[in-house]
Amino acid sequence: MRGVSMNGVASDQQLLQIVSGTAPGSIADVVAVMQKIDQLLPSNDGLKWFNRLYLMVTQEVDTQPPAGGWKDAQWLTRLDVIFAGLYFTAIAGFINQSANTPSSWNALFESRFTPGVDRIQFALAGMNAHINHDLASALLQTDDELQLTPSLNSAEHDDYQAVNGLLENVLPSALQVLATGIVGGIAQDTGKIGRFLAIWNVKAARDLAWDFADHLRDLNGLARTLALTAQDQLTGVIGRSLLLPV
């Protein structure tokens, strides 16, 4: 049955309970949910390694603001919370066998226990789904909620770019930890990190997400649905390519 892990129904039902609780209202709430997921999932579950990476970079970005602080901390915090919520919703949708679960996320969820796939591959496939599929929607939701339309010269875009810089610095070292620094885990080939980051670049993906959100803002109804569907399908193809056993 789709959505049932190799640990049986109970494990995924526990995961469902974790992601279906009260919606996070702060970064601390988001981190707490990710920590529960990390504690639950076994090491042979590929979702664990995306979740671990997401947890690591969230904590790093949260504790390392740029010099002078964020220009619009309220906007950035709300974006982070809404963004994480889309990840939790995708997990719940998959376990509940929802037809609305994005193809981009299915690429990871359906491969959770595929042998021969490295931890960093699972982690980057999750980043691909989350940024290429979810981030534009999170931007639109945040801007609508706060009644903003940030331009490229706005304080919000400056903060967004600052996060890009932090992620570019943090991601390689975080992937290095996943590949070699897992207690009790077999060390994996760190040479793959550079090769995969050459294929999938976090800054480029986030820049495209900002542009795609601006594009979606001008679309309504069927046109927006078609654009999101096409983007989801492409993201799923990229995710599956990242998850090929190597």
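Guide: A charge counts as sitting over a ring if NZ of Lys or CZ of Arg is within 6 Å of the ring centre and within 35 degrees of the ring normal. Keep in mind that this is a predicted model.

Visitor: What makes Lys48 a charge over the ring of Trp49?

Guide: The charged end of Lys48 is 5.9 Å from the centre of the Trp49 ring, and the cut-off is 6 Å. Arg206 gives another case, lying over the face of Tyr160 at 4.1 Å from the ring centre.

Visitor: How do you know that Arg206 has a polar contact with Asn164?

Guide: The side chains of Asn164 and Arg206 come to 2.3 Å, and a polar contact needs N or O atoms within 3.5 Å. Asn164 belongs to helix 7 and, at 1% relative accessibility, is called buried because the limit is under 20%.

Visitor: How far apart are Leu135 and Arg206 in sequence and in space?

Guide: Leu135 and Arg206 are 71 residues apart in sequence, yet 7.6 Å apart in space, C-alpha to C-alpha. Leu135 is part of helix 6, and its relative accessible area of 0% makes it buried.

Visitor: Why is His133 called buried at 15% relative accessibility?

Guide: Buried means under 20%, so at 15% His133 qualifies. His133 also sits in helix 6, where its side chain makes a polar contact of 2.7 Å with the side chain of Asp134. Residues adjacent in sequence count only if both atoms are side-chain atoms, and the contact of His133 with Asp134 is side chain to side chain.

Visitor: What makes Asp45 a cap for helix 3?

Guide: A side-chain oxygen of Asp45 lies 3.0 Å from the backbone nitrogen of Leu47, against a cut-off of 3.5 Å. That places the cap at the N-terminal end of helix 3.

Visitor: How do you know that helix 3 reaches close to its expected span?

Guide: Helix 3, residues 46–63, has 18 residues, and from first C-alpha to last it spans 27 Å, where 26 Å is expected at 1.5 Å a residue. The two values are close.

Visitor: And why is helix 3 called largely enclosed?

Guide: Because 13 of its 18 residues are buried, helix 3 is largely enclosed by the rest of the structure.

Visitor: Why are Trp105 and Phe109 called a stacked pair?

Guide: A pair of aromatic rings is described by the distance of the centres and the angle of the planes. Ring centres must lie within 6.5 Å, and planes under 30 degrees apart count as stacked. By this rule there are eleven aromatic pairs. Trp105 and Phe109 have 5.4 Å centre to centre and 15 degrees between the planes, hence a stacked pair. The two are four residues apart in helix 5 (residues 103–109), so about one helical turn separates them. Trp105 and Phe109 are both buried, and they join a cluster linked by ring pairs that includes Phe50, Tyr54 and Phe83.

Visitor: What makes up the lining of the largest pocket?

Guide: The lining of the largest pocket has 22 residues, with Val57, Thr58, Val61, Asp80 and Val163 nearest the centre. Among the elements giving two or more residues to that lining are helix 2 (27–40) and helix 7 (155–180). Helix 4 gives the largest share, seven residues. The volume of this pocket is about 380 Å³.

Visitor: What about Thr114, and how far is it from Leu244?

Guide: Thr114 is in the loop between helix 5 and helix 6 and is partly exposed, at 29% relative accessibility. Thr114 and Leu244 are 130 residues apart in sequence, with 9.1 Å from C-alpha to C-alpha.

Key
Residues are numbered from 1 along each chain as its sequence is written. This is a predicted model: local features need pLDDT of at least 70, side-chain atom pairs count only at pLDDT 80 or more; totals for chains, interfaces and linings use all residues. Side-chain values use heavy atoms; hydrogens and water are left out. The expected span of a helix is 1.5 Å times one less than its number of residues. Buried means under 20% relative accessible area, exposed over 50%, partly exposed in between (1.4 Å probe, protein chains only). A polar contact is a pair of N or O atoms within 3.5 Å; within protein, one must be able to donate a hydrogen and the other to accept it, and residues adjacent in sequence count only if both atoms are side-chain atoms. Rings of Phe, Tyr and Trp (its six-membered ring) pair if their centres lie within 6.5 Å; planes under 30 degrees apart count as stacked, over 60 as edge-to-face and the rest as tilted. On a 1 Å grid over the protein atoms alone, a cavity is a set of points where a 1.4 Å probe fits but cannot get out, and a pocket is an open set with protein on both sides within 12 Å along at least five of seven lines; lining residues have an atom within 4 Å of a point. Grid points are joined across faces, edges and corners, and a volume is the space filled by probe spheres set on the points.
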